[in-house]
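Here's a quick briefing to keep beside the model while you look around.

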Amino acid sequence: MSNKTYNKMWHQTQEALNSLLDKESQKMTEPQKSQVFFFQMLATFYIKYVQIFRNMETAYDQIVHPQKRTLIRKILDGVMGRILELKNEMVELELTEFHYFDDILQDLKLAPKYSVKSIPIEEAVKWIQIAERARQGRLRALFMKQIYLQEYRAKLSKVAGKKVTDTRAAALCIQKVWRGFHQYRRTEKEREEEMIFLGMDPPPLFNEVSTTIIQAERVNRLREELQIKHEENYKEALVTIKDNLKLTEGPDIKESLQDQIRHWFIECRNLTGTFPDYPDEEEGGSAIIFSNKTPQQVIDEIIANQEEEEKSRKKKKEKGKKPNKATKEKERKVTKEKSKEEEVEWKMSPSVFLHTMEEENNLYKDMWMNKDESWNFLQDYDPELIKEEKRRELESELRVQVDELMRQELKNLKLAVNREKEYPVKPGKKKGKKNKGKKGKRGKKKDKDLTADRSIESLYKELVEEGLLIQALKVKLSDYIGEYSYLGTTLRQVSIEPMPSLLDVRQLITLYGILPLGSAAVHEKAPLVKSLLLVGPSGVGKKMLVHAICTETGANLFNLSSHNIAGKYPGKSGLQMMLHVVFKVARELQPSVVWIDDTEKTFYKKVPNAEKMNEPKRLKKQLPKILKLLKPDDRILIVGTTQRPFDAELQSFCKVYQKIILVPRPDYASRYVLWKQIIQRHGGVLSKTLNVSCLAKVTDGFTQGHIVKVVKDVLTDRRIRQQTHKPLTAGEFTAAITSMNPVYKEEEESFKSWYAKTPLGKRRALALTGGGQEKPKDKEKKTEKGKKEKKRK
């Protein structure tokens, strides 16, 4: 695809975003009385933003124009942030981390890999009749074939008694055999083609890299080189164009600014009788007065300010009397009634990212929507746009110099006309507001930097040597193989809570881990997720997901697992130093992931005697303090993994981890995809003799770890070489997996029952039973009552 095609894709996606922003602005003010309808609205917006995100991501990846890519990147950040906001609202509404959009996807005709069409009964009956007649026809044909063969054999037995001397009869016999063999080969080939077409067999040369893919990779490399080249040219142009503007247009800009400010002096003097006070440099100087305003607008503002001051003085005189008690009571009643009405209605919470997206969208409309780019065939930078941007920068820089000159000129004018002198003010009394602020700050203690005398490089080296900073495995999130759950909505409609699928888990990792860590702008403004807990049986890929987060975001991986920190930095001071060094390096080299494996050990109910020497609970008191210190601009994520959450104190466990994700064993659909892909990745060839569907059915309860181990054990180098004359069979894999212990349903149910005890699980259970959500005020009242009862006892 050419660059022109991707430009067209960008424009179409921008139109879709524009219409979506209009719809959102309308729906923000409209309250909804139905919770189901409100969720469908949120989910529809969520799906549409995901579509826009994917198209924008493709456009950003393919377009080579540097200024377009800058704008697209800003829009992408806004879209990512809005997706996270909508996800947060859906979680608060449905009180679950997993959401299913089967019905909405069908309405939008976006159902992945499947579609359901309702047909009338008459047509369905007709199809059944056709199929039944065809079946009867096949049976009749088979019966007639058997009769024919019997007659044919009887004829042959008669002929066999006589000697065949006729050459024609011999030739006919040979022809029959050859034609039968040829037809057999032809039928077999057609059957293979049909199976490939239906997707039941892999196509030929499936495991070999095609020339098309090689060519596509080559084009990708060339495009990346061109993007880097254009980006470098653009950065150079930013400097050179600004320097040229400074030489050519700088004096004129300076002179026009001085004339503008002088005109302001004179007009203020004429209107108010006195010269104005010049704003300080810290306040913004003359830029505050003349920001996007003409001199006439500034004069109009001065007159309007005078009128407002007079009105405010009159109002202050009138407001001498206090309101009566009766009026206060009426107001209280009205507010109570309003609050009751508001409880029933559902409203979208205000968004941080909508405003920025609207700004960027308006910028696109003004700059790129109808721009003629016929001259820019190579899609290099646009010099005129750089000039506009650099003129504004140059003006702000020159304004600082002009302000210094004009302040002195104003002093001279006051001295000459009004004979006013400005006496130097003592530095302590110049700005009262700042001094007050400083007094307030004296009480606050600043955190001491325990390693102020050391460089980040030395601290980094120390953490590597101690094994606290480890190298993440190069694993992509796409390597976490699985399939979607297509019946989630259907099951929930009949009050059955489905187990999440592997791709549902992968989606949550993207939303809570990869998107915020990958973009500083998104992390600062989106709903903040500081900590994440992955819960599930052994072998479901929890550690793999941790490494995938690091690979996708380029994050550093710090290992603070209890077994890893045992014996390191002993004592309270040592522990304080270790955490200080870890989080100092994590902040300096963000994004960073702090991983705590077997995190239930940190929150043990009772420490086993065998582990008491290792002090597994060292971090228990420190982790909540660390979480409080993490700010939105710290791109640090604490990730815990556990296969035995039951051993931990639930209350303190859930206080540390904001988001808890239950990672299940793979279902049938995920196992089917896993077997196919893992066998192919390890050099196996899929053939007719290998029944993957049977493998997926038999291995119910076995995890990804089990499947990978079995495939590695079976597919040795020798077995891979034998595949040409001895194809793989399902029996080879089932024989190898019999020695392993699966995850039984009882174990899976224990994880579900544990999750039901977590804060979000409790809230969901309460909502499902009709109890509704507890308000924070109600909770406070309950705790106060409990305390009073304890005191009485």
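The accessible surface of the chain comes to about 51200 Å² (Shrake-Rupley method, 1.4 Å probe; for residues, only the protein chains shown count as cover), and carbon and sulfur atoms own 54% of that surface. Keep in mind that this is a predicted model, where local features need pLDDT of at least 70, side-chain atom pairs count only at pLDDT 80 or more, and totals for chains, interfaces and linings use all residues. Residues are numbered from 1 along each chain as its sequence is written, and side-chain values use heavy atoms, with hydrogens and water left out.

**Overall build**

- You'll find 31 helices and 6 strands in the chain; these are DSSP runs (helices H or I, at least four residues; strands E, at least two), numbered from the N terminus.
- Of the 793 residues, 36% are buried (buried is under 20% relative accessible area, exposed over 50%, partly exposed in between; 1.4 Å probe, protein chains only).
- Take the contacts (heavy atoms within 4.5 Å) between residues at least 6 apart in sequence: 83% of them join residues at least 24 apart.

**Around K584**

- K584 sits in helix 21, residues 571-588, and is buried at 18% relative accessible area.
- A polar atom of the K584 side chain lies 3.0 Å from the backbone oxygen of T451.
- Setting aside neighbours within four places in sequence, K584 touches D449, T451, A452, R454, I456 and L459.
- R454, one of those contacts, also pairs with E462 in a salt bridge at 2.7 Å, N to O (a salt bridge is a side-chain nitrogen of Lys or Arg within 4 Å of a carboxyl oxygen of Asp or Glu).
- In that pair, R454 is partly exposed at 32% relative accessibility, while E462 is buried at 17%.

**Other salt bridges**

- The structure has 29 salt bridges.
- D382 and K371 form one of them, with the closest N and O atoms 3.0 Å apart.
- Both D382 and K371 lie in the loop between helix 12 (353-367) and helix 13 (383-417), 11 residues apart.
- D382 is buried at 3% relative accessibility, whereas K371 is partly exposed at 31%.
- R186 and E190 meet in a salt bridge at 3.9 Å, N to O; both are in helix 6 (residues 167-198), 4 residues apart, or about one turn of the helix.
- R186 is partly exposed at 47% relative accessible area, and E190 is partly exposed at 44%.
- K242, K390, E393 and E397 are joined in a salt-bridge network.

Key:
Polar contact = N/O pair within 3.5 Å; in protein donor to acceptor, adjacent residues only side chain to side chain.
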